[in-house]
Each structure stands twice: as C-alpha cells, then as structure tokens.
Amino acid sequence: NMLKHSKGEILVIFDSDFIPEEDFLKRIVLPFITDEKICAVQARWDFIKPFANPISTLSTTVLAIVHYIVLPFIGKNANISFLCGSAEAVRKETLLKLGGWQSGSLTEDIEYSLRALKSGYRIKYLENLKCKGEVPYKSKDMYMQQMRWAYGVISAYMEHSLDILKNKALSIKEKIAISFACSGYLFSLLLVCLFITGIITFITHPPEP
C-alpha cells in the first residue's frame, strides 16, 4: 500500500522490531551505485536477547543457520542471494517494472526474489552489515512464524520453479542454489521422517541395506 506513496529511488524496509545502526542506510545503498543489475540488497540479521529462554535460543539457531551459513554459501558459490523481509533495500524502478509486491503472499520477499532472479537481476547479501531484530520467545509464536514462512517459501518456489528450471539465462549452479535455498523446509520434513523411522528401528529391527 505504501509503494505508490514512496518517492525515493531506493526503498529500505524494516520490520517494526528491527534496530538499524546509525550508518546502516549509507552502507546498504552502496552496492546499487556500482552495479545496475543489482535490484536489491539484504543485510545480515543479528538478534536481540537471543538466549533469553529455550524458545528464543531455538529461534535464533534457525535464523543463524540461514544468515551465517546458507546465504553466505550460495552467495560465494553461485553469486546469488534472497531478500528476507527486513533490513533490506530494493531498487524501486525494478520493483515496479516486475509488477511490485505480490498481494496476499505470506513471503513477498522470497516471491519477489525469485521473480527478480529469473528476470536476470541480482540480489546482494552484505555479510558485514548487521541489523538486530527480535526473535520469538514463546513456542506458539515460533510455531506460527515458521509455519507462515514454510508455507510462503514453498508456495513461491512452486509458482516459479518451472520458469527457473527452464530459464536459459540461469546457470546450472544458480538453479541448484535457488532450489536448495527454497527447499529448506522440505529438508526439515525429511529430517523429521528420518528421526521417526530411526526410533521405529529400536522397536522393529536394525536398518538393513
């Protein structure tokens, strides 16, 4: 709703529970100056009171895996990244050109990232630019957050996966990186299944080839 009222060339977006440093704006806009193909920049998330209780510790661990392992890994190996919904900057002209934010999407950041990547644009991840935000402290809040993100990410990937896989402008490495990043919640499901079947073998018999 605010997109049509914005006047700047670069839009910087925060969730209400994020606290940027004083020089955040200066640092996050720098990549746009040197590369016209960069349509968005994502800062690394840091955390407020990450170890306040077991739920906040678990929430922090999940997000830390994304920001300290997954995004740097695909950035270095495939030169791509994704928006995460907060502590991010987007080039307004490109956003409007690609149709704006998708109304009704639970993860409009990932959905737009996929649209941008398959259109030949790049998203830059800044490992050294951190922005602190809150994590859930209650089990219900964490459950609702993760369910929302899981549904949104998988829905966005299902919507764009065919176009991405057929896209000749994307390399095989880039396609694998995109699929890997967007299927994280499916890997979680696989781990749960492995855990359950592993317990069952204690009752039945040891695993066989």
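**Helix bends, burial and ring pairs**

Modeller: In this predicted model, helix 5 bends by about 50° at His 160.

Colleague: What is the angle of a bend taken between?

Modeller: The angle lies between axes fitted to the seven residues ending at a residue and the seven starting there. At His 160 of helix 5, that gives about 50°. Helix 2 also has a kink, of about 30° and centred on Ala 64.

Colleague: What covers the buried residues of helix 2?

Modeller: The cover includes strand 3, strand 5, helix 5 and helix 6. Among the buried residues of helix 2 are Leu 63, His 67, Val 70 and Leu 71. An α-helix has 3.6 residues a turn, so residues three or four places apart point the same way.

Colleague: Why is the pair of Trp 45 and Trp 149 called tilted?

Modeller: Planes under 30 degrees apart count as stacked and over 60 as edge-to-face, with the rest tilted. The planes of Trp 45 and Trp 149 stand at 55°, so this pair is tilted, with ring centres 6.5 Å apart. Trp 45 lies in strand 3 and Trp 149 in helix 5, 104 residues apart. Both Trp 45 and Trp 149 are buried. Ring pairs also join Phe 18 to Trp 45 and Trp 149 in a cluster.

Colleague: What makes Trp 101 and Tyr 112 an aromatic pair, and of which kind?

Modeller: Ring centres must lie within 6.5 Å, and those of Trp 101 and Tyr 112 are 5.4 Å apart.

Colleague: How do you know whether Trp 101 is buried, partly exposed or exposed?

Modeller: Buried means under 20% relative accessible area and exposed over 50%. Trp 101 has 27% and is therefore partly exposed. Tyr 112, at 0%, counts as buried.

Colleague: Which residues have the most contacts inside the largest nonpolar core?

Modeller: They are Trp 45, Phe 82, Leu 114, Ile 178 and Cys 182, in a core of 35 residues. Ile 178 touches residues including Phe 82, Leu 114 and Tyr 157.

How values were computed. Residues are numbered from 1 along each chain as its sequence is written. This is a predicted model: local features need pLDDT of at least 70, side-chain atom pairs count only at pLDDT 80 or more; totals for chains, interfaces and linings use all residues. Side-chain values use heavy atoms; hydrogens and water are left out. Helices (H or I, at least four residues) and strands (E, at least two) are DSSP runs, numbered from the N terminus. Buried means under 20% relative accessible area, exposed over 50%, partly exposed in between (1.4 Å probe, protein chains only). Contact means heavy atoms within 4.5 Å. A nonpolar core is a set of buried Ala, Val, Leu, Ile, Met, Phe, Trp, Tyr and Cys residues joined through side-chain atoms within 4.5 Å. Rings of Phe, Tyr and Trp (its six-membered ring) pair if their centres lie within 6.5 Å; planes under 30 degrees apart count as stacked, over 60 as edge-to-face and the rest as tilted.
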